Structures are given as C-alpha cells and as structure tokens.
Amino acid sequence: MATALKFEKPNGEMKWIGTRPVRPDGVDKVTGRAKFGADMSLPGMIFGKVLRSPHAHARIKSIDTSKAEALPGVKAVVTRNDFQDMPSEITPAGEMLINYRDVMRNVMARDKALYEGHAVAAVAATSNSIAQKALALIEVDYEVLPHVIDVMDAIKPDAPVLHEDMFTEGVEPTPTKASNASKRVEFAIGDIEKGFTEADVIVERVFDTKPVHQAYIEPHACLASMSEDGQAELFVCTQGHFIVRTHCARLLGMDVASLKVTASEIGGGFGGKTVVYLEPVALMLSKKSRKPVKMQMTREEVFKASGPTSGAHMRIKIGASKDGRITAGEAELYYQAGAFQGGPIGPGAMCAYAPYDLENVKVIGFDIVTNRPKVAAYRAPGAPISEYAVESVVDEVAKKLGIDPIDFRLKNAAKEGTRTAYGPKLGAVGLIETLEAAKAHDHYKAPLKVNHDHGMVGRGTASGFWFNIGGETSTTINVNEDGTVTLIQGTPDIGGSRASNALMAAEAFGIDYDKIKPMVGDTSALGYTFLTGGSRATLANGVTTREAANSAIAEMCRRAAKIWEIPEDAVKWENGAAVPAGDNAGKFEPMSMAEIAKIAGKTGGPIAGHAHINVQGAGPSFGTHIVDVEVDKETGKVDILRYTVIQDAGKAVHPAYVEGQYQGGAVQGIGWALNEEYIYGEDGKLQNPGFLDYRIPVASDVPMIDTVIVEKTNPKHPYGVRGVGETPIVPPMAAIANAIEQATGIRFTELPMSPPKVLKALDEDAGGTG
Amino acid sequence: MAKIHVTTEINGDPVEFLCEPEQTLLDVLRDELNLTGSKEGCASGDCGACSVMADDRLVCACLVLGAEAEGKSVETIEGMADGEDLHPLQQKFLEHAALQCGVCTPGFLIAAKALLEKNPDPSETEVRYWLAGNLCRCTGYDKIIRAVLDTASDMRGS
C-alpha cells in the first residue's frame, strides 16, 4: 500500500483532535495531480493577457485597439469601455469595507493609470504568443503626470494628488482641499498626558518600514467560461470563492446565481488572494469571445499589480515607571494604501498596544494613497508593522529600567479582563502563558556563542497579537450509504484545513478519520461562506462541522428509534453508533453508522446535516518569539542562529499544521525583517519585480524553527480552537531588531535590516565612537 | 513561424510534440502535454517550482526550450511514484506535513530526489544549500528539511 495512513496516539480525552494523520489531499499534492489555478483546461479554451501601464501616474487620453483586434487569432479585446464605472460607496464585505468604484478601477484603469502595472486593456487569443503580440498592437495615448511613491511625500502640501475627490475622513472639519490622506483613525483610552507625567523613563522613536509582498509561489490564475445565456463558471485560485462570486457579479452586473465559482487548489495567499484582479477581466473576455478564457499573471505582474502590504512611517512614545509599569503608550502611524484608499491602518492601529494592559493609550493612524499597487491583506494585516515599532520601544524601555524584557512584558501583559484601546475587554487569552513558557525555555537560558571572528551575537524577544475572526460559514455533511461521510466545507484549503476539519468531524461522529472525505464545495454547493483568512477557517469550520454533524447524528438516532420501535429520546449516540439508553439500555445491539446508512432508504431517506452560521466567539491568539542572531561586522549580514516560536493555539487540532503555521509565519517575518522590500526608481517604477531581486528567505537562510504550542482553551469554541495563522508573523521583526541591538548596541528603526544598511550603521557607529 | 517537431522521452514513455520555437519545456509540459504537475512560479529560474530532470540533470523547465528536449529523457513529478508505490520522499513529505499549499512540492520532491541520488547521506546544511533554489513561502522549510533527512536515513537503512 502506497498511501497507508499513519497515526500517532490520541491526545487527552479527545480521540482524533490533537493527532497528526496524513492530510486527505496529500497524495494529490505529492504526485502533481492536484489542480491549481493555472492547471485546468476546457475544450476550445483561449488565452488572455493584460496590457499594463508603464507609467506610475498618467491620464489615459485614448486607447486604440483596432490593430490588435485585426490580428488573426485574437478573439476579444477589452478596455475601460467594456466595464461600467461604479458609484463610490463603501460596502461591508465580511471583515473589510469595499468601495466597488475602486475595485473596478483597480481591475481596469478608467481616467488614469495610478501605478506602474495598472491594467489598461486585455486581449484573448487562440495562443499565448498571439495574445502577447496583440498587446503590443494596442495604442494607448498617455499624458504622464507627476507621481508620488513615498508615504510622507504623499501628504506634503504640494504632492501630486491621485484622486481629485479625496477629502480626508475623520478630521473635523472635513478638509475642502483634496489630498492623498483618505482617513484618520484614533483609538484612545485614559489620559495620555497624565500617563507621561507619571513616567520615570520615556522613549520616543521614529520607524520606517517598506511594502513587502505576500509572495505566494502560485501567481494569480483563473479560467472563465460564460455561455450565450449569461451563465458563467469560474475556476480560480482564491482564498474565498464566494467573495469572488460577489465581487464579479457586482462588477459585471450579473445575478449572483448565474455565476458558479470553483476554488482550485491554492498555491499560497497569505491575504493576497482575497481580492479580484483577473477574474472580472477573464469573464468579460469570455463574454465577448464566447469561449473559455484562461489567464495567469507572470511573476512580474504579481509584484507590480497585486498585493503587497503597506510600508509605513511611525512615531512611538512609551513611558514607564521605575517599578516596570507602562504608564502611557502613544503612536502615530502613517500607512500607505497604494493607489486606492483602504490599507490596513485600522487593525494596525488597534493592534499596536494590544499585548499590554494599559491605562493610557493613544493611537492615531492615517491611510495614505500613493502611486503604488493597491495594498492587499497580508497575514495579520497591519499588525506586524505597528507591533514591530511598539515592541522595539518596549525592549528599549525595559533595558533602560534594567528589567529583563520578558519580565517587563509580564508586568504589563494583557490578560482576561484587559480593556483594549479599541474598545472590548479581552476574554481568556494566553499571552502570560507564552511569556512564561519563553522564560522557562531552554533557548532563553542557553549561552550565546560567536561562530566566526567577525561575528557579534545577540538575543531578542518580542510578543504579538491578532484578533482572529469568525464569520459566515456553511457546511454540509452527507452520510453515504456505506456509512462514510462526505464533508463539504466552503473555505478554500490553504494549508491543511481539510485535514483539521476531518479530524473535528471524526471527533463529532466518533468514527475513524479515514471514513471522512472532506472537500471544498463550489459556490453552488453551499450557502455563502466568507473567505479563508483572519485565521478563521479551522475555528469557523469547527463550529459548523460540529453543528452539521450533530444534526446528522440526531437524524440517525431517530432512524434507530424507528427500527427499534422505542421513543427517539431513548437513543443516544456513542462511539459512532446509536445505542439504546435509559430503560431500553442493553435491549438492542448498537447500530453503527454503516448499518443505519445502509437502510436509510427504508427508514426515511438520505441522511445529511447542514449548518449555516455567522460564527462568533473567535479567541485572540498571542505569541512570543525568541531569536538569536549573529551580525557580520565585515558584511553587515545578519544570520539567524536559533529561533523559537511560542504561541497560544487554544487547541491544536492537527499540531503538525499548527507548527507549520508558526514556522512559516516566522520565516516570512525573517524575510520582512532582513531582506524584503519594494525598491522604486525616481521614475516611479518598481526595480525588483522578481524573486532574484525581491529575495524571500530560502532554505539556506534559516535554521530549524522550534515551536511550543500553548493551549489555553478558547471557551467559546466547541473544541477550544483559536486561530493560529496570522499571529506568527507579528513578532519576528521586533524580535530580530531587539537581537541586533543586543549584538551591536545599535537600535535599527528601519526595515529591512539588510546588509548594506547594517554595514553603514556599523561603520558610522565605529566612526562616531572610535 | 512553423512549429518544431520534437521526439523525446518523458517519464519513460516515447513522446512526440510540436512546439513554437519560443515555448519553454515548461510551456510544453503544461500546455501541450497536459502534465501540469510542474508549476510556473516565476518563469525565470528563481523559484524551482518547475524542477524536472533532463538526462539525469536537475533543471528548471522554464529555462529549457521545448525544442531542447529532442533526444533527451525527461522526468517529471508525474513519473516519481512507482505504480501504486509512492517514492519514499513523497511518503515522508506526507508524514512530516512538509507541505501546506503544496504548489512548490513537486519541485522540492524532484530536487530532493536528485540530491539523494548524488549524496545519500547529506548533512542538514547540504540539504539546505541544495534546496536553496526551491522557494517555499508556507512552511519556513523546517519540515521539508526534516522529511528529506528522514528519507535519506531510511533509504540508507534499507
């Protein structure tokens, strides 16, 4: 047997949850069989490509597509004229707010191209090479406009304005002059001035971070097919096929029911696949050509026209008393949103001081547009940026007070009952547990060792927070005629959620994991289900799967009662079987799921369970990271010597995939800290739109990533689950900056801490002190 | 321009195909032969998701022209399992949870197999440097490296 499933021993009182079986979709993924976004084909399929603006900011005076249309093999060309401009209105879309006017104008430029790479036209042709040739035949007359790339340059009084109708929201009175600041947010508790007067130590620092890309390995891709009667199908790699359906139907004026969206396997997303780019274009090309149209971004297009997350400019000021209590925390955050409003300034501002139980906090944030691609969510959107800055200053304050940084955090740690600066009080949370686990960890006590004669070593720590979310979720469970279970979830499986969902179903039914076949249903198979993101998939599916299983179990108990001719309430469910209970206990042999299912047709028909719930009760997840670095005095390169992630999972359903989230998030954070950045020229063009120059960590850049799973039960979840995916990317940047500070005595306040920057600072430091 | 006729061998089978001169081996595998297990992550040789063997040499299929497959023997992820039996690396990747999204997995498996054929007893550092041409954004590499080292250890034992 090639694919025998292997199990470790059950964990605690739960039989399946907490075990590490092979994932149900695993064999397809190690054999090349799994179908990702670009892997599907249809008969008669043609190929679509996008023409993109070469300018950072330009008015589009005219577009002439006639030569492209005349090229043999070209079946359709679309421009702004094929899409309707949408009214400007903010519409709730799950956890986010969407302005469909902006979404439409980002999908296809209207009056202006707002960044290099902005889509201006698209063609579909019988081959990729013909489509490519056709792009070169499209004539666009641009009036090039002055551009602005840097976030602080964008709010200077004389900066080029991207949107003539943008007047800063959240400022009283509303400005009468258009600017690039779309809104101001503020979260505050207590009295910040009073807090600073009570402080014995105050540290104030200014930080800058660069935009970084999610850098999923699979570029955006889709296959669209619209028939003559307007019915359409879309096969696409996305974190949420229901939201793709919502957006495409809205942008194209379709009935939602006329569009069926199937989520392909998805090759990474990290938040970047929660919006639409190619999908409405592919549908329109298919509508015009009456042929299935396949589209796929190149890596260059991914960098220039999708993602990334914000770069930011930040001022942080923290005061603390001698006894180690933070008396005041202040932050001023400027996040760049890209070409359209709506960067993650809200969560960035809310999360800034979330790891702390503070009386006086004031956070002000600004959302600022620049001539860059519109930012998309990236793993704990906004939080890693502000928490990096705060955790850097926290480390510095602890040092000034002569208190161990973990002890300092313990003195101020958020806990059950902590009132957050953004409003609610925290329920049961596990920050203190992660800090205590960090302090007790061998890593925190191990001596630091220099490895080469020009190395300087240091150790840093930092904590991080993410809310986690629930949201609209649907699940269908079909009990098949042999007693196996088909489990249909609505959230695309981005990192093993079918495995965790099947474990939760096995636990609910009391049957073996390998009797459950989980799959991701298309949009016609289930009720609306919000996307995979916010660290919600395992949490929310746990609630709906349990609910759907309970309803199927209740039905099976009714069937057994019917067969045994006893009252329904005299049957209970135990270990995957209906068992007579109460006075009838022992009178009948238990009926297994397989036995009940086999004769379901004679006892009332098929057996299924459904759940459609707006899931509440998400539990925040806190983490604390420890890192050892070695800084090379001669090159400025920073090596990660040892790394430990300690995080509260609530309950780890499949611990191997929880560890995987911790490890993957940490390494993305290492890239963010040390190497990754969008580099622009004076011309407003991106200079590193490829993996050679936008260098994400490779295997030889990192050590093994140790993990500690803390399990502080989420009391609001049937299995105690929190979300785990996002928090791990929050602490690394500060932890590494803190370690570099310990190694070199230099506080870096700019990301990435890349070799040239580190070397320059070391040289300046040596010059200054020597 | 006229298409080029190419005669080659893929996963042990004789194969003929027509390709445009500018089509890469990756384009041919995916678009002409429907072997979509090799992935395009960058088309510039930076990510390794399209790793295949060409005459026992590990290459990025996106950096090889389709026409260059003439007379060669090409191995892709679709040929890695032996009938019902997964290759030990495939089995270990599953057991170690060495994949999350799985899009880089075919490339890692082909590259790791090439390593173990060359060096059956690699150190962790050797595995890390050999696989430095394969990008994974999900796992942080930890479980991938462990799976490769564990496979090497098992294969040496058997």
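Colleague: How many residues do chain A and chain B give to the contact?
Modeller: Chain A contributes 45 residues and chain B contributes 47 residues, two residues being in contact if their C-beta atoms, placed from the backbone, lie within 7 Å. This is a predicted model, in which local features need pLDDT of at least 70, side-chain atom pairs count only at pLDDT 80 or more, and totals for chains, interfaces and linings use all residues. Residues are numbered from 1 along each chain as its sequence is written, while chains are lettered from A and ligands numbered from 1 in the order in which they are written.

Colleague: Which elements give two or more residues on the side of chain A?
Modeller: Those are helix H1 (26–30) and helix H18 (655–674) of chain A; helices are DSSP runs of H or I with at least four residues, numbered from the N terminus. The largest share, eight residues, comes from H18(A).

Colleague: Another topic: how do H10(A) and H11(A) pack?
Modeller: Helix H10 (residues 383–401) and helix H11 (residues 405–412) of chain A pack at an angle of about 105°, with axes 9 Å apart. The axes are lines fitted to C-alpha atoms over the stretch in contact, and angles run from 0 to 180 degrees between N-to-C directions. H10(A) is therefore roughly perpendicular to H11(A), a term for angles of 65 to 115 degrees.

Colleague: Which residues meet there?
Modeller: Val394(A), Asp395(A) and Ala398(A) of H10(A) meet Pro405(A), Phe408(A) and Arg409(A) of H11(A).

Colleague: And what is the mean pLDDT of chain A?
Modeller: The mean is 96, where pLDDT is the predictor's confidence in each residue, from 0 to 100. Over residues 1–11 of chain A, however, the pLDDT is below 50.

Technical notes: Angles under 35 degrees count as roughly parallel, over 145 as roughly antiparallel, 65 to 115 as roughly perpendicular and the rest as oblique.
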